[in-house]
Amino acid sequence: MTTTVFAALDFGPVWEMRSELLSGIGTMALVSVVSFAIAIVGGLVLAGMRQSRSLPISWAGFVLIQVLRGIALYVLLLWLFFGLAAQGGFQFEPIPAGIFALALLNSAYLAEIFRAGYEAVPPGQKEAALACGLPKRTWFGKIHLPQVTQITLPAMGNVFVDIIKDTSILSAIGVAELLRESQRWAQFYELPFEFYTAAAAIYIAIVTLVTFGWRRLERRFSRHLHTAPRVRRSRGLLFGIGGRPSTTTAS
Amino acid sequence: MSASTSSLLELRQVTKQFGETTVLHPTDLQVERGEVVCVIGPSGSGKSTLLRCVNFIAPPTTGTIVFDGEEYRPPKDHRWIPALGIPEEQRLTRLRTQVGMVFQQFNVFPHLTVRENVALGLRKTCGLGKKAADARAVEELGKVGMAEKAAAYPEQLSGGQKQRVAIARALALEPKLMLFDEATSALDPELVGGVLQIMRDLAAGGMTMMVVTHEMRFAMDVADRVIFMDRGGIVEQGTPEQFKSPQHERTRAFLKSINHG
Amino acid sequence: MVFAFDTTVISDHSSELLDGLLLTVEVAALGFAIAALLGLPLALAGRSQSPLLRVPATLWVGLARGVPLLIVIFWLYYAAAQEGLFSLTAFLAGALSLGLTGSGYMSEIYRTAFSAVPSGQREGAAAIGLSRWQTFRLVIFPQALRTAIPPGMNVFVMLLKGATLLSVIGLADMFYTAKLVAVNEFKPFELYTAAAVLVIAVTLVAALAAGVAERRMSKGVRR
């Protein structure tokens, strides 16, 4: 059967189902923000373990980070949800299970980011602060932490964006986020093209918004430190891509 | 024909701007065959820019450069379709093979051995085969005392050695003009002498040279002509003898500052 | 009963599981090859001074990095077929999805690597009369590749993890097999654990290799 390409595009049902898709976005936002917050705490704990003077703790931190970095979210979800639950004879709630998995895996990425940021501040800063007679507490709070924050913020933003995108994987265990809703209605109306295209567009919009917001946050922190304004090429602002080199890749 | 009688290099009203800032005001300059011109001046005076305009590594914004009887003008900005700039670019590439350049930061290629650094230009721009290029490269390295390091990688060398490699790399193409951009400024003091000696030998051998330098002794000994630049323009030029009693206040102040600095 | 772990189920089906694992690695490798090849022209176009090249490349990278992999998979597998654009096997749709998503990341990695090459290298190459293309091919690219390898390996790890998603479009990978066997034998814990451990082992090896490469590269003396 020969059909003209795009002849039958029908975005009407997508618009009709907007409140369902919107509630999917709500779930996605909730899950990503909560996971990110927990992952930050987890990342700090892991980074702290790594910095520990006790060798076993430091090693445990290292191994944990490496193992978590090697685990695919989907694999963890399947194992938790279908494997472990079946064995224990209990059932996870999809949303808490999803949040747990997202937070756990991303805490390892954040731990590496925190550690790199911690080490990126030149040691002369500490020597200078202590030489000025500042107590160690003041050095950490007023000198070290602001600089670490400034260094780590861009990479943290990348992790947050990755978390937002990865919430889509929670559809596999039935979390009613954006992709799950799109999938449901794509099947119901038999219009996968329209619904998946819409979902992709919504994701792009959200990722762009979040990236812009995050850039503002970064700027606020750099302004506070009176550093020279970061040079940004205007082309870097499209989708928030390209302005800064990004090599952190979480999945 | 007339090329042999006129100057090797002539700059006519050459300027350079980076965005809003003018780093080189309209400048005229002639360099004769076999002449050694030393350019001195405070940092930011436009010396390096002048040199980079000559071989179009930083193309001038306006003006004309005549090299060996051929005219070169600033390339047009093919912003939308860069491919249109290729013929012009090829002409400039040919110009650059006739003009050797040595940089402050050496700019040797870290991923290639010393021999490959020198052979690369011979193979790609002079069309030599691999064997011939390698042989020539070792020969050129011998002239700067680096033949035994031919198989080493640059990161195993001292700054002075890297600079010798860079000089051999430029000389291998048998340029008609050599540009030296603060070639000894990044070297440890004890390594400066060896590189300067190579430059002296080169000058004595009749090479046409433009040398941006802070080494006043060298400039006074070797130069046929000294040019003092400040704030993007040539303030004063003359023989080393004339520079012993400079005309301009700015020249005097500069010479005083580096002699007692 | 909670910790009764039946290993015989796993050994009985080990060859099927390993076949599935191999399929995951294959699809990830093909996806990575696509990503690495696509990323290079994308990065060059993204650095071009011509908006005609730069804008489409930036859009592409934005799309590749902004759209979740799972949506790309669904889109290529179901949506394109619905519109009669093209219809792909699960393996091809999977490799292509991984490749498209990865191309955005690889492009950024190449771009970063290109800008990490000191500008003096370009000047040095120009001064000995190399053309732009020769400069890129002989001087810039070989140096950039060295910096691009460790983060590139991280992208491979990312794609390997992403490849586990492909059972959702029916690719007969390890999880697909695990699911089938789990349903038949009613041993989901054993099978999912085995599958998870296997795939984690593979990604761990790749991730560790990436980490080692990263440390080695950062130690290298470069100036």
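Which residues of chain C does the UniProt annotation "transmembrane region" cover? In this predicted model, the annotation, which comes from an unreviewed UniProt entry, covers residues 20-45, 57-78, 84-105, 155-176 and 191-213 of chain C.

**Annotated regions**

- Over residues 57-78 of chain C, the chain is 91% helix and 0% strand, with the end C-alpha atoms 26 Å apart.
- Over residues 155-176 of chain C, the chain is 55% helix and 0% strand, and here the end C-alpha atoms lie 24 Å apart.
- In chain B, an unreviewed UniProt entry places the annotation "domain: ABC transporter" on residues 9-256, a span that is 37% helix and 25% strand and whose end C-alpha atoms are 31 Å apart.

**Helices H2 and H5 of chain A**

- The axes of H2(A) (residues 18-51) and H5(A) (residues 94-120) come within 5 Å and cross at roughly 45°, which makes H2(A) oblique to H5(A).
- This crossing of H2(A) and H5(A) is right-handed, and their contact comprises 18 nonpolar, seven polar and three charged residues.

**Helices H3 and H5 of chain A**

- The axes of H3(A) (residues 55-70) and H5(A) come within 8 Å and cross at roughly 125°, and the two helices are therefore oblique to each other.
- H3(A) passes H5(A) in a left-handed crossing, where Ile65(A), Leu68(A) and Arg69(A) of H3(A) make the contact with residues of H5(A) including Leu104(A), Tyr109(A) and Glu112(A).
- By class, the contact of H3(A) with H5(A) has seven nonpolar, one polar and two charged residues.

Key
Residues numbered from 1 in each chain as written. Chains lettered and ligands numbered in written order. Predicted model: local features only at pLDDT ≥ 70, side-chain atom pairs only at ≥ 80, totals over all residues. Heavy atoms only, no water. Axes fitted to C-alpha atoms, helices over the stretch in contact; angles between N-to-C directions. Helix = DSSP H or I, 4+ residues; strand = E, 2+ residues; numbered from the N terminus. Parallel < 35°, antiparallel > 145°, perpendicular 65-115°, else oblique. Left-handed = near helix turned anticlockwise from the far one by under 90°. Nonpolar A, V, L, I, M, F, W, Y, C, P; charged D, E, K, R; others polar. UniProt positions renumbered as here; feature names shortened; annotations may be inferred. Contact = heavy atoms within 4.5 Å.
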